[in-house]
Amino acid sequence: MHRAAFAHAGLSGTYDALRVAPADLRSAVADLRRPGVLGANLSLPHKEAALPLLDSLSGAARAIGAVNTIVHRDGALHGDNTDAPGLRDALYDAGYIWEQGAEVIVLGAGGAARAAVHALICGEQNVTVVNRTLERAQVIAADWHVPDADFQVTALPAHAAPWESAVLVVNASSAGLNDPDQTPLDAAFLARLSAGALVYDMVYKPAETRLMREARAAGLSAENGLGMLAHQARLAFRAWTGADVPVSVFLNALQADAPQPGPVLPQGDAPAGDQG
Ligand code: NAP
């Protein structure tokens with residue numbers, strides 16, 4: 001994706017994957033301070049561990065407690081989280097209409113769920129977190145608790161979540177990742193959602209998860225996580241280079257890499273929003 005973005009922007013630069021053992025994270029992060037390095041993305045398990053190694057953090061990274069993007073400027077390292085605005089922009093692309101106070105349900109309680117909750121609360125949605133381990137969902141609810149706020153984060157077991165009034169379900173759990181038979185949700189809960197609800201699965205491999213299949217069978221809209229992946233990359237690329245590359249460049253590079261069904265936007269679409 002990022003190599004395609006460099007080419008599209010007419011910039012010389014490259015992006016490489018680097019496997020880093022947890023014990024080597026400190027020195028790998030220190031290496032980013034070298035001249036000529038624009039920054040890095042982090043994936044599990046480094047997203048949280050890197051926080052104390054950075055010189056500054058964005059508000060989103062601090063609230064979520066995880067960094068997926070590091071930006072290097074003159075020897076200083078700034079940590080950001082583009083997963084949250086990446087999800088926001090992917091939801092716009094999926095046709096989700098952000099109505100103030102709408103009921104939404106987030107499945108999962110790891111870093112991706114925290115990014116989702118941050119994006120949804122910033123979008124003034126009422127969030128219910130449902131997770132296999134309820135105690136982890138309760139930590140998220142406590143972290144985002146603002147007394148007297150109009151929009152709340154609540155942790156509930158699945159049977160008590162507001163399915164009938166929910167307009168969006170975001171799967172931020174890793175159930176279904178690389179396993180087409182796994183799902184985080186009993187189909188009986190999908191049947192309780194109203195016809196216009198959207199099921200957004202952050203998982204993008206396989207391109208159609210069991211959750212998406214069952215949601216579509218129940219007459220609901222369903223989308224995989226490719227759009228979020230492309231948007232978080234677009235926002236990271238902009239933070240590193242200042243270049244606004246259309247999300248279609250990232251999506252098309254992803255699809256060229258793994259030809260599968262998924263969202264494709266027309267070339268030249270305007271980027272939706274900033275990094276939040
Ligand atoms: P994580 O920190 O490991 O959290 C995983 C979560 O999934 C936990 O809440 C866990 O529940 C739950 N879970 C795992 N297996 C489950 C199962 N079989 N049934 C129900 N719940 C299950 O992972 P993460 O970093 O938050 O990432 C979660 C997912 O989001 C991954 O699939 C990742 O690829 C995806 N993601 C996508 C994007 C994107 O751009 N599309 C960006 C970030 C992440 P417990 O708490 O009970 O263990």
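Me: In which loop is Pro45 found?
Reply: The model is predicted, and its peptide bond between Leu44 and Pro45 is cis, with omega about 5°. Strand β1 covers 39-41 and helix α3 covers 46-49. Pro45 is found in the loop between β1 and α3.

Me: Which residue does a cis peptide bond join to Lys205?
Reply: The omega of this bond is about 5°.

Me: How many helices and how many strands does the chain have?
Reply: Helices are runs of at least four residues and strands are runs of at least two. By that rule, the secondary structure of the chain comes to eleven helices and ten strands.

Me: Why does the radius of gyration agree with a compact globule?
Reply: The C-alpha trace spans about 55 × 40 × 35 Å along its principal axes. For 276 residues, a compact globule would have a radius of gyration near 19 Å. The two values agree because the chain has 18 Å.

Me: What percentage of the residues in the chain is buried?
Reply: A residue is buried if its relative accessible area is under 20%. The chain as a whole exposes about 12700 Å², and carbon and sulfur atoms supply 53% of that area. Of the 276 residues, the buried share is 48%.

Me: Among contacts between residues at least 6 apart in sequence, what percentage joins residues at least 24 apart?
Reply: A contact requires heavy atoms within 4.5 Å. Among the contacts in the chain between residues at least 6 apart, the share that joins residues at least 24 apart is 63%.

Me: How many Å apart are the mean positions of the positive and negative charges?
Reply: The chain has 19 positive and 29 negative charges.

Me: Is His118 buried or exposed?
Reply: His118 is placed in helix α6, residues 111-122. Leaving out residues up to four places away in sequence, His118 touches Ala60, Ala63, Ile64, Ala84 and Trp144. Its relative accessible area is 13%, and the cut-off for buried is under 20%. His118 is therefore buried.

Me: How far apart in space are His118 and Pro184?
Reply: In sequence, His118 and Pro184 are 66 residues apart. From C-alpha to C-alpha, the distance in space is 21 Å.

Me: What kind of aromatic pair do Phe6 and Phe237 form?
Reply: The count of aromatic pairs comes to six. In the pair of Phe6 and Phe237, the centres are 5.0 Å apart and the planes are at 75°. Planes over 60 degrees apart count as edge-to-face, so the pair is edge-to-face.

Me: Which helices hold Phe6 and Phe237?
Reply: Both residues are buried, and the pair links distant parts of the chain, 231 residues apart. Phe6 belongs to residues 2-9 and Phe237 to residues 226-241. The helices are α1 for Phe6 and α10 for Phe237.

Me: What kind of pair do the rings of Tyr92 and Trp98 form?
Reply: Tyr92 counts as partly exposed at 45% relative accessibility, whereas Trp98 is buried at 18%. The ring centres are 5.8 Å apart and the planes are at 40°. The pair is therefore tilted.

Me: Which residue forms one aromatic cluster with Phe6 and Phe237?
Reply: The residue lies in helix α11, where it is one of the buried residues. What covers the buried residues of α11 includes α1, α5 (83-93) and α10. The residue that forms one cluster with Phe6 and Phe237 is Phe250.

Me: How many residues of helix α11 are buried?
Reply: Helix α11 covers residues 247-257, which is eleven residues. Among its buried residues are Val247, Leu251 and Gln255.

Me: Is Asp74 buried or exposed?
Reply: Asp74 is found in the loop between β3 (69-73) and β4 (76-80). Its phi is near 50°, a positive value in a residue other than glycine. With a relative accessible area of 82%, Asp74 is exposed.

Me: What is the phi of Asn178?
Reply: Asn178 is found in the loop between β8 (166-171) and α8 (187-190). Asn178 is exposed, with a relative accessible area of 58%. Although Asn178 is not a glycine, its phi is positive, at about 65°.

How values were computed
Residues numbered from 1 in each chain as written. Predicted model: local features only at pLDDT ≥ 70, side-chain atom pairs only at ≥ 80, totals over all residues. Heavy atoms only, no water. Rg over C-alpha atoms; globule rule 2.2 N^0.38 Å. Buried < 20%, exposed > 50% of the residue type's maximum accessible area, 1.4 Å probe, protein only. Areas by Shrake-Rupley, 256 points an atom, 1.4 Å probe, with all protein chains shown as cover. Lys, Arg positive; Asp, Glu negative; His and termini not counted. Charge placed at Lys NZ, Arg CZ, Asp CG, Glu CD. Phe/Tyr/Trp six-rings, centres within 6.5 Å; stacked < 30°, edge-to-face > 60°.
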